[in-house]
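Subject: Structure handover

Hi,

Here is the structure I promised to pass on to you. Please have a look at it first, and then read my notes below.

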Amino acid sequence: MEKRSEIIMQTKKWIVDVVIGCNFCPFAAREIKRDTIYYEVTSTKTLDESIKLFLNECRRLDIDNTIETSFLIFSDSFQNFDEYLYLVAQAEKVIKQKGYEGIYQVASFHPLYCFAGSPANDAANYTNRSPYPMLHLLREEKIEQALEKYPDPERIPDRNIRFAREKGEAYMKMLRDACL
């Protein structure tokens, strides 16, 4: 199987088995069923090129209303979590600079994701640990519409953390690693 196709397949499996299976995002199942998620895989190594690709994804969403959300997946770069966090900060900066604030939002996922102040072995980190470093671009208007219909949306992060900790690090790691 071609590497790009394999990475997309693994990412889709992670979304279905982990994100939807653990109900980390109660809105993801709808988009999987509707097939409105776009996946872009890149092996770029530079920050500048990565930001250009991120901006391309913003533009893709600008012109294609059939795409609800987009994943920019880094197959061979940003393995270092601190470097990845810098990429996320730059992507968020681009959103503001290019007038996309309030239009698009970035969610971040990484194989070594670690919430600030959490130990690396905290199972809660698996709520954002993915098979590959990736930037997830979402339409803010659609997030707001979905949240209006969801009871107590502000409790989603706490519920996710509690669920992951109850399952434990070994289980959460196994679940994510089974996607590879």
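Of the 180 residues in the protein chain, 46% are buried (under 20% relative accessible area with a 1.4 Å probe, counting protein chains only; exposed is over 50%, and partly exposed lies in between). A word on provenance: this is a predicted model, in which local features need pLDDT of at least 70 and side-chain atom pairs count only at pLDDT 80 or more, while totals for chains, interfaces and linings use all residues. Residues are numbered from 1 along each chain as its sequence is written, and side-chain values use heavy atoms, with hydrogens and water left out.

On the overall fold, the protein chain has seven helices and four strands (DSSP runs numbered from the N terminus: H or I of at least four residues for helices, E of at least two for strands). Along the sequence they follow the pattern α-α-β-α-β-α-β-β-α-α-α. The radius of gyration is 16 Å, close to the 16 Å that the globule rule gives for 180 residues, so the protein chain is as compact as a globular protein of that length; the radius is taken over C-alpha atoms, and the rule is 2.2 Å times the number of residues to the power 0.38. Along the principal axes, the C-alpha atoms fill a box of roughly 40 × 40 × 35 Å. Among contacts (heavy atoms within 4.5 Å) with a separation of 6 or more, 75% join residues 24 or more positions apart. The accessible surface comes to about 9,700 Å², and 51% of it belongs to carbon and sulfur atoms; the areas come from the Shrake-Rupley method with a 1.4 Å probe.

At the N-terminal end, N80 caps the helix, with a side-chain oxygen 2.9 Å from the backbone nitrogen of D82. After α4 comes G99, whose phi is positive, near 80°.

Finally, two buried polar residues. E57 sits in helix α3 and has a relative accessible area of 3%. Its side chain makes a polar contact with that of S70 at 2.5 Å (a pair of N or O atoms within 3.5 Å; within protein, one must be able to donate a hydrogen and the other to accept it, and residues adjacent in sequence count only if both atoms are side-chain atoms). T44, in the loop between β1 and α3, is buried at 13%. Leaving aside neighbours within four places in sequence, T44 is in contact with E49, S50, L53, F74 and S77.

Best wishes
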